[in-house]
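I am opening my notebook on a protein chain and want to record, entry by entry, what I looked up.

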Amino acid sequence: MLFRRIEGIKGSVDELIEGVGGYFNGFTNYDYTAYVEVLPTEYAELGFEIESKRMVNAAFDPSEFELERKIVLSEFDMNENDPDFRLMYRASMIAWDTHPYRYSVIGLRDDLNRVSRDELFRYYRRYYNPDNAVLVVVGGLSEDKATELANRHFGNIGSSGESGAVKPWDDGLQGKVRVELKASSGEIPRLLITFKVPGTHDIDGLRRLILMDFVVSGDRAFAYGLTSREPMAVPRSSRLYRLVEEGLGDAVYSYYEVTYMNNLYSIIIYNVKDPDRVIARIGELIMERPSEDELSFARERIRARLAFSMDSPSKLGQIYGLSQLLMNDPGRLISIIEDATKVGTTEYVDFVDKLLDRSISIIYR
């Protein structure tokens, strides 16, 4: 609804931004919703104007509301037709008892069908206020100019509403869980194995997780730019790719993204013929003590990925915003990533030993 009519803006968001050669998008995560504009420097103020008015003046027109409901339900159906989505959703329902991460970001069909325009508008009024927002400006503007524009467009917006801040917590998933599901006709059999991993509230755990990820999966984008987030096909240099080389599966993907609280690290293997052997082999691959050469290679990839992200204004903006929002320091996530390159062999082994104690295996065949 916040991409629909906004009072006080002359025209639609897409017409205004694309009309000056810019790009816009938005996405929702477990912990936050983000809006982004990429604009020529001379039109930078347009981004401030749009976001300040989006924060308080979205119209929530009833007829547009019903159209958006149909669009979101269509996306929900598309997700439900994806076996990987269904398996990861099933895993999240096992991983937590009452924690909000147990639900997918898009929500539940019953809620999407039932929610009213007025209920959604009250939610907007409740949480969309400056106290819950982080404004990130990267590239082109001086700090003084960015501050001036921020004060001009956001300075008069009151802080009425409720804080969206929460304290980190966790529940459920003690020990190992195994589930077997019957695949639909024509679907590729697969295995999902997922582990509880630290969020940004556990800084030491997060730095160890980052190194583990680059050892096991071989690569990972720290920021996703303006694209969607999907499981990543692991490169041939990764440990997980050995599953393909050993004939235990046809393809291997992994999925993880930084969140505030503990979340899931997922590995998906396609065309698995011996699930028990694959589950055991994944445990062996993760627990294997890394050599100095392997650690050096992982560290190089971490540094390369960080340099790539920091060289892109949109990616750097996402890192700064995520870090400020979840850790109250725009540079904290970058320092954690840098510190991940200092994790040694003993720290790695201690970390993954505890990691394997809380896992879910879902066999789909």
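**Entry 1**

I looked up asparagine 328, which at 63% relative accessibility counts as exposed, where exposed means over 50% relative accessible area, buried means under 20%, and partly exposed lies in between, with a 1.4 Å probe and protein chains only. I note at once that this is a predicted model, in which local features need pLDDT of at least 70 and side-chain atom pairs count only at pLDDT 80 or more, while totals for chains, interfaces and linings use all residues. Residues are numbered from 1 along each chain as its sequence is written, and side-chain values use heavy atoms, with hydrogens and water left out.

Asparagine 328 sits in the loop between helix 12 (313-327) and helix 13 (332-340); helices (H or I, at least four residues) and strands (E, at least two) are DSSP runs, numbered from the N terminus. Its phi is positive, about 60 degrees, although asparagine 328 is not a glycine. I then found that phenylalanine 60, which is not a glycine either, has a positive phi of about 55 degrees. Phenylalanine 60 belongs to the loop between helix 2 (44-56) and helix 3 (62-80). Is phenylalanine 60 buried or exposed? I wrote down that phenylalanine 60 is buried, because its relative accessible area is 4%.

Alanine 165 lies in the loop between helix 7 (143-154) and strand 3 (176-181). I recorded alanine 165 as exposed, because its relative accessible area is 65%. Between the C-alpha atoms of alanine 165 and glycine 186, which are 21 residues apart along the chain, I read a separation of 45 Å.

**Entry 1: residues that meet across the sequence**

I turned to leucine 192, a residue of strand 4 (residues 190-197), which counts as buried because its relative accessibility is 0%. Which residues is leucine 192 in contact with, leaving aside its neighbours within four places in sequence? I listed Leu87, Met88, Ala91, Ser266, Ile267, Ile268, Ile360, Ser361 and Ile362, where contact means heavy atoms within 4.5 Å. Isoleucine 362 is 170 residues away from leucine 192 along the chain, yet their C-alpha atoms are separated by 5.1 Å.

Glutamate 68, in helix 3, is in contact with Met1 and Arg4 once its neighbours within four places in sequence are left aside. Glutamate 68 and arginine 4 are 64 residues apart in sequence, and 9.3 Å apart in space from C-alpha to C-alpha.

Arginine 125, in helix 6 (residues 117-127), counts as partly exposed because its relative accessibility is 42%. With its neighbours within four places in sequence left aside, arginine 125 is in contact with Val56, Ser160 and Gly161.

**Entry 2: the nonpolar cores**

A nonpolar core is a set of buried Ala, Val, Leu, Ile, Met, Phe, Trp, Tyr and Cys residues joined through side-chain atoms within 4.5 Å. The largest such core has 74 residues, of which Ile210, Met212, Leu243, Ile267, Ile269, Ile282 and Ile286 touch the most other members. Helix 8 (residues 203-216) gives the largest share of this core, eight residues. Apart from this core lies another one of eight residues, among them Met1, Leu2, Val115 and Phe121. I also followed isoleucine 282, which is in contact with Ile193, Phe195, Leu243, Ile267 and Ile269 when its neighbours within four places in sequence are left aside.

**Entry 3: the whole chain**

How many helices and strands are there in the protein chain? I noted 14 helices and eight strands. The radius of gyration of the protein chain, taken over C-alpha atoms, is 22 Å, close to the 21 Å that the globule rule gives for 365 residues, so the chain is as compact as a globular protein of that length; the rule is 2.2 Å times the number of residues to the power 0.38. Along its principal axes the C-alpha trace spans about 60 × 45 × 35 Å. Buried residues make up 45% of the 365 residues. Of the contacts with a separation of 6 or more, 76% are between residues 24 or more positions apart.
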